[in-house]
Amino acid sequence: GSNQAPALLIPAEAGMTSAPLVIWLHGRTAYKELDPGRYLRLIRNGISVCAVDLPGHGERSSPEMQESPQVLDVVLQMVEELDEITSAAIDILKANPDRVGLGGMSAGGMATLARLCEPHPYAACSVEATTGNWAAQATLPMLKASDAARIAEVDPIDHLANWRDIPFQAFHTRTDEWVPFEAQ
């Protein structure tokens, strides 16, 4: 249904059962099919992929949900959906539940970092052009319309006590105009 996040499910090319799995979340105004090169590299290396449309994006497009003031709502809804998506992807792709990575870019990276600040099943993380310090973004378009108390309630930087050490990869650029480098 429209409440279920549409997913692109791609088994590892080797066809092996119990392959590792990456759950990937795109950025705002994008869609799950946007990064075929990433998915091809993963599946060719024996890693299955589940790419997910963020709320209001791709197959469940809602132009108003893609606007900057909606970023926090999109991110928090995605966080709520991740457990069900991950479980379904593991079952459908017959992936190894102990070798699931979570990653995303921009808004997808924000959802990734927020989800990882609570108990989770993920074995690794990769984020790009994103932030785990949402209060530092409060004056920028992506969070300017959000209530400071609501941001603080879920801001990853304020919930690091719940963080479980896993392999972590972060990519960013100092010239990013939407997400300042310092915020990552």
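The side chains of K32 and E33 meet in a salt bridge, with 3.0 Å from N to O. This is a predicted model, so read each value as computed from it. Side chains of opposite charge can pair when their charged atoms come close. The two partners sit in unlike surroundings. K32 is buried, because its relative accessible area is 2% and the cut-off for buried is under 20%. E33 is partly exposed, at 35% relative accessibility.

K32 has another partner. It also forms a salt bridge with E59, and here the closest N and O atoms are 2.6 Å apart. This pair links distant parts of the chain. K32 lies in the loop between β2 and α1, while E59 lies in the loop between β3 and α2. The two are 27 residues apart. E59 counts as exposed, because its relative accessibility is 60% and the cut-off for exposed is over 50%.

D83 and R115 meet through their side chains in a salt bridge of 2.8 Å, N to O. D83 is in helix α2 and R115 is in helix α3. They are 32 residues apart, so this pair too links distant parts of the chain. D83 is partly exposed, with a relative accessible area of 42%. R115 is buried, at 7%.

Step back to the whole set. How many salt bridges does the structure hold? There are nine. Some share partners, and in this way K32, E33, D53 and E59 are joined into one network.

The largest nonpolar core has 38 residues. Those with the most contacts inside this core are L21, I23, L25, V52, M78 and W134. Several elements give two or more residues to the core: β2, β3 (48-52), α2, β4, α3 and β5. Helix α2 gives the largest share, 12 residues.

I23 is then in contact with C50, V52, L82, T86, A89, V100, G101, L102, G103 and Y122. Another core lies apart from the largest one. This other core has eight residues, including I10, W24, L42 and A51.

The largest pocket holds about 290 Å³ of space. It is lined by 16 residues, and the closest to its centre are V22, L42, C125, S126 and Q169. L42 is also one of the eight residues of the other core. Which elements supply at least two residues each to the lining of the largest pocket? They are β2 (21-25), α1 (36-44), β4 (100-105), β5 (124-128) and β6 (168-171). Strand β5 gives the most, with four residues. By class, the lining has nine nonpolar, four polar and three charged residues.

The second largest pocket has a volume of about 250 Å³. Its lining consists of L76, V79, E80, D83, A114, R115, C117, E118, E153, V154 and H159. The largest share comes from α2, with four residues. By class, five residues of this lining are nonpolar, one is polar and five are charged.

L160 is found in the loop between α4 and β6. The C-alpha atoms of L160 and A114 are separated by 9.7 Å, though the two residues are 46 apart along the chain. L160 counts as partly exposed, at 46% relative accessibility.

Finish with R38, in helix α1. Is R38 buried or exposed? R38 counts as buried, because its relative accessibility is 13% and the cut-off is under 20%. Apart from its neighbours within four places in sequence, R38 is in contact with W24, M105 and E128. Of these, W24 is among the residues of the eight-residue core.

Terms used. Residues numbered from 1 in each chain as written. Predicted model: local features only at pLDDT ≥ 70, side-chain atom pairs only at ≥ 80, totals over all residues. Heavy atoms only, no water. 1 Å grid on protein atoms, 1.4 Å probe; cavity = no way out; pocket = protein on both sides within 12 Å on 5 of 7 lines; lining within 4 Å. Points joined across faces, edges and corners; volume = space filled by probe spheres on them. Nonpolar A, V, L, I, M, F, W, Y, C, P; charged D, E, K, R; others polar. Core = buried A, V, L, I, M, F, W, Y, C linked by side-chain atoms within 4.5 Å. Buried < 20%, exposed > 50% of the residue type's maximum accessible area, 1.4 Å probe, protein only. Contact = heavy atoms within 4.5 Å. Salt bridge = Lys/Arg side-chain N within 4 Å of Asp/Glu carboxyl O.
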